[in-house]
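Reader: I'd like to learn how to read the features of a protein model, one at a time. Could you walk me through this one?

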Amino acid sequence: MYDAVLRVNEDKAMCMLIAILLGFFGVLLVRRSLLGRHGGGDYVIDKTCADNIQAAANCCASCGTAEVDEIKLAKCDDCDLVRYCSDKCQQDHRMQHELMCKERAAELRDEILFRQPESTHLGDCPICLLPLSPSTKDYLFGTCCSKIICRGCDLANKLLREREGQLRETCPFCRHPQPKTPEEQDKNIMKRAAANDAFAIRQMGMKCYREGDYEGSFKYLSRAVELGDVGAHHFLGALYLEGKGVKKDYGKAFYCYERAAIGGHPRARYNLGLDEGINERYDRAVKHFIIAATLGNDDSIQRLKHCYTIGKVSKADFAAALRAHQAAVDAMKSPQREAAKEVNYPDGKW
């Protein structure tokens with residue numbers, strides 16, 4: 001019996017030693033002795049090296065237990081570099097893995113942060129299906145249905161109502177009668193907020209902010225964030241930055257801005273670019289401005305122009321950003337929207 005136990009311990013120790021050696025030599029020497037240089041100058045990983053790396057990846061980084069049968073390994077919570085067979089192994093290996101984990105976690109975070117969103121957080125107008133402009137003067141929202149509608153569709157709805165002789169204004173989307181007083185608007189918003197409508201809850205938070213009730217604003221915006229409202233992330237970041245209704249916290253403020261930027265909020269992305277520029281991280285600032293410009297943000301173009309004059313962005317990148325910005329602006333145009341501008345702003349002032 002003693003011999004059997006001894007053999008089990010020896011096998012476990014040997015497996016552990018093999019896993020450590022494979023992990024060490026497979027990762028640290030992959031770019032040196034285990035790489036073959038080809039004629040074109042490119043490096044190609046040797047098949048034996050690749051097999052060794054794969055074997056190390058299938059073992060617990062702490063105890064060396066292999067992933068077989070009922071034993072399942074879980075990835076590190078913050079990175080995808082190592083795997084563990086238990087929480088205890090993860091705790092035991094934390095000191096050795098901490099630095100590498102933080103670096104990889106930062107890389108993964110930047111991959112998500114600097115990914116170009118497909119559209120702004122507003123999306124498309126639900127009627128004409130064209131991208132909505134990020135300017136608040138180019139759209140309105142219905143308190144009855146919480147739908148954001150472009151000014152062009154609102155004008156078309158008014159012209160149709162006049163043609164048919166209807167006197168009562170209705171929502172362009174749901175055809176519900178428009179509220180006549182601010183009290184009716186508030187009643188509609190409260191009704192939508194009671195139904196857990198994230199957009200309506202954000203509007204309640206903004207109303208509290210305008211009235212000076214910052215704690216109430218923080219409460220509503222936090223609830224809207226929990227429900228996934230991107231705009232609420234942006235305004236909640238402003239509360240943390242200003243210290244209104246909550247203790248001032250720059251870390252949480254810019255975390256909220258990052259979440260909003262990932263969701264396609266151009267202004268939040270622009271604010272991140274400003275912060276990076278203030279801290280002289282110009283490469284990151286330029287990335288933020290380019291993404292925001294591609295979403296149609298005008299202020300980011302002006303910042304990129306400044307970065308170009310001081311040599312922080314190349315001519316090719318600046319030209320590409322200008323083209324992308326113009327394409328985004330053109331996609332937001334329509335004859336109805338241009339007509340709405342002339343009706344609402346006949347002097348051309350915005």
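Predicted model: local features only at pLDDT ≥ 70, side-chain atom pairs only at ≥ 80, totals over all residues.

Reader: Where does Arg151 lie, and why does it count as partly exposed?

Author: Arg151 belongs to helix 5, residues 151-163. Its relative accessibility is 26%, so it falls in the partly exposed class, which lies between the 20% and 50% cut-offs.

Reader: Now the cores. What's the general idea?

Author: In soluble globular proteins, nonpolar side chains tend to be buried together. Here, the largest nonpolar core has 25 residues, and Leu236, Tyr240 and Leu272 touch the most other members.

Reader: Which elements give two or more residues to this core?

Author: They are helix 6 (182-194), helix 7 (198-210), helix 8 (214-226), helix 9 (230-242), helix 10 and helix 11. Helix 10 gives the most, with six residues.

Reader: What does Tyr240 touch, leaving out residues up to four places away in sequence?

Author: Its partners are Phe218, Val246, Lys247, Lys248, Asp249, Lys252, Ala253 and Cys256. There's also a second, separate core of 13 residues, with Cys125, Leu140, Cys145 and Phe199 among them.

Reader: Back to helix 10. At what angle do helix 10 and helix 11 pack?

Author: For a helix pair, look at the angle and the distance between the axes. Helix 10 (residues 250-262) and helix 11 (residues 266-278) pack at about 130 degrees, and their axes are 8 Å apart. That angle makes helix 10 oblique to helix 11, because only angles over 145 degrees would count as roughly antiparallel. The crossing of the two is left-handed.

Reader: Which residues make the contact?

Author: From helix 10 you have Phe254, Tyr257, Glu258, Ala260, Ala261 and Ile262, and from helix 11 Ala268, Arg269, Asn271, Leu272 and Asp275. Sorted by class, that contact has seven nonpolar, one polar and three charged residues. You've met Leu272 already: it's one of the residues that touch the most other members of the largest nonpolar core.

Conventions. Residues numbered from 1 in each chain as written. Heavy atoms only, no water. Axes fitted to C-alpha atoms, helices over the stretch in contact; angles between N-to-C directions. Helix = DSSP H or I, 4+ residues; strand = E, 2+ residues; numbered from the N terminus. Parallel < 35°, antiparallel > 145°, perpendicular 65-115°, else oblique. Left-handed = near helix turned anticlockwise from the far one by under 90°. Contact = heavy atoms within 4.5 Å. Nonpolar A, V, L, I, M, F, W, Y, C, P; charged D, E, K, R; others polar. Core = buried A, V, L, I, M, F, W, Y, C linked by side-chain atoms within 4.5 Å. Buried < 20%, exposed > 50% of the residue type's maximum accessible area, 1.4 Å probe, protein only.
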